[in-house]
Amino acid sequence: MPPQASLVPDWIVDDAEVLTTQEEYELVELLMAFYERTTVELVGVTIERLHGQPVVAFTETLFDEWDLGSRQTNNGIMVLLALEERQVHITHGSGMALQLPQNRLDSIMVAMAKRFGDGEISAGFKTGFTEIMAVAETVTWTVDYASLSAVAADSMRAAGRIVSTDAVITGFDDDHAIISDSDGISATLRLPLDTPMLAVDDLLGVHARVLRIVPLELIALSVEVDVPF
């Protein structure tokens, strides 16, 4: 049985037992309040050791098993501390890719590692959580539009907001898909790196953030293939 299998999902899972009851309570309250404000599922995990696994693989496997984040916005985030290896890693759903690029994650992890290295475990988590929250709260996580036509009609306010609609792939441009909805409105769609192979005429259920209006460009938060109009 992989070591991840023994970990039960929660806001804070202190498997290494390095947090006091009060510290754990305060972190849980922080994360629950954040979820209520944003719908972003941010969790923290401590483990005693990685059992020979790379920290990235361990964290991503656990993240996938827990299925964090909304299925529409893919906005789950996990922060994991491996005590014996003195390693920290942050992983997140594709919906956070624009807000938390790797260089930003690296900066947050360095700040957390410094506190962890000083034995300040709770403070280390608070440091990381605070920075992540500040980033995630700068954007909306509600679905504001049900069609590309609605996005185009609200062009003065649409940038940065989320559209959820059905569309068909009409072509490709490098790593972007060209999509069109039932009203004939077209857009360029940036796809997550882990998106399965797609083809022209594939029907999609698209949940995406609007990057710009002219020309209309979106970044996918999640994609469901073969969803009929």
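Trainee: In which sense do strand β2 (residues 42-47) and strand β3 (residues 77-82) pair, and over how many bridges?

Mentor: A strand is a DSSP run of E of at least two residues, and a helix is a run of H or I of at least four, both numbered from the N terminus. Two strands pair if DSSP finds at least two bridges between them. Here, β2 and β3 pair in the parallel sense, over 6 bridges.

Trainee: What should I know about the model before going on?

Mentor: The model is predicted, so local features need pLDDT of at least 70 and side-chain atom pairs count only at pLDDT 80 or more, while totals for chains, interfaces and linings use all residues. Residues are numbered from 1 along each chain as its sequence is written, and side-chain values use heavy atoms, with hydrogens and water left out.

Trainee: In what order do the 4 strands of the open sheet run?

Mentor: The order is β1-β2-β3-β4, with mixed pairing. At the edges are β1 (12-14) and β4 (87-92), each of which pairs on one side only. On average, neighbouring strands of this sheet are turned by 10° against each other, direction ignored.

Trainee: Which strands does helix α2 (residues 55-66) lie across?

Mentor: For such angles, axes are lines fitted to C-alpha atoms, for helices over the stretch in contact, and angles run from 0 to 180 degrees between N-to-C directions. Helix α2 lies across β1, β2, β3 and β4, and runs at about 135° to β3. Helix α3 (residues 102-117) also packs on the sheet, where it touches β3 and β4; its direction makes about 145° with that of β4.

Trainee: At what angle do helix α1 (residues 21-38) and helix α4 (residues 121-136) pack?

Mentor: The angle is about 5°, and the axes are 11 Å apart. That makes α1 roughly parallel to α4; angles under 35 degrees count as roughly parallel, over 145 as roughly antiparallel, 65 to 115 as roughly perpendicular and the rest as oblique. Contact means heavy atoms within 4.5 Å. From α1, the contact includes Leu27, Leu30 and Phe34, and from α4 it includes Phe125, Phe129 and Met133. By class, the residues of this contact are 8 nonpolar, 1 polar and 4 charged. Ala, Val, Leu, Ile, Met, Phe, Trp, Tyr, Cys and Pro count as nonpolar, Asp, Glu, Lys and Arg as charged, and the others, Gly among them, as polar.

Trainee: How much space lies in the largest pocket?

Mentor: On a 1 Å grid over the protein atoms alone, a pocket is an open set of points with protein on both sides within 12 Å along at least five of seven lines, a cavity is a set where a 1.4 Å probe fits but cannot get out, and lining residues have an atom within 4 Å of a point. Points are joined across faces, edges and corners, and a volume is the space filled by probe spheres set on them. The largest pocket holds about 1,100 Å³. Its lining has 34 residues, and the closest to the centre are Ser94, Pro192, Leu193, Asp194 and Thr195. Strand β10 gives the most to this lining, with 7 residues.

Trainee: Which residues line the second largest pocket?

Mentor: Among them are Glu60, His89, Pro101 and Leu105. This pocket has about 190 Å³ of space, and β4 gives the most to its lining, with 4 residues.

Trainee: How many cavities of 30 Å³ or more are there?

Mentor: The search of the whole structure finds 1. The largest cavity has about 30 Å³ of space. Its lining includes Ser94, Arg209 and Ile219, and β10 supplies the largest share, 3 residues.
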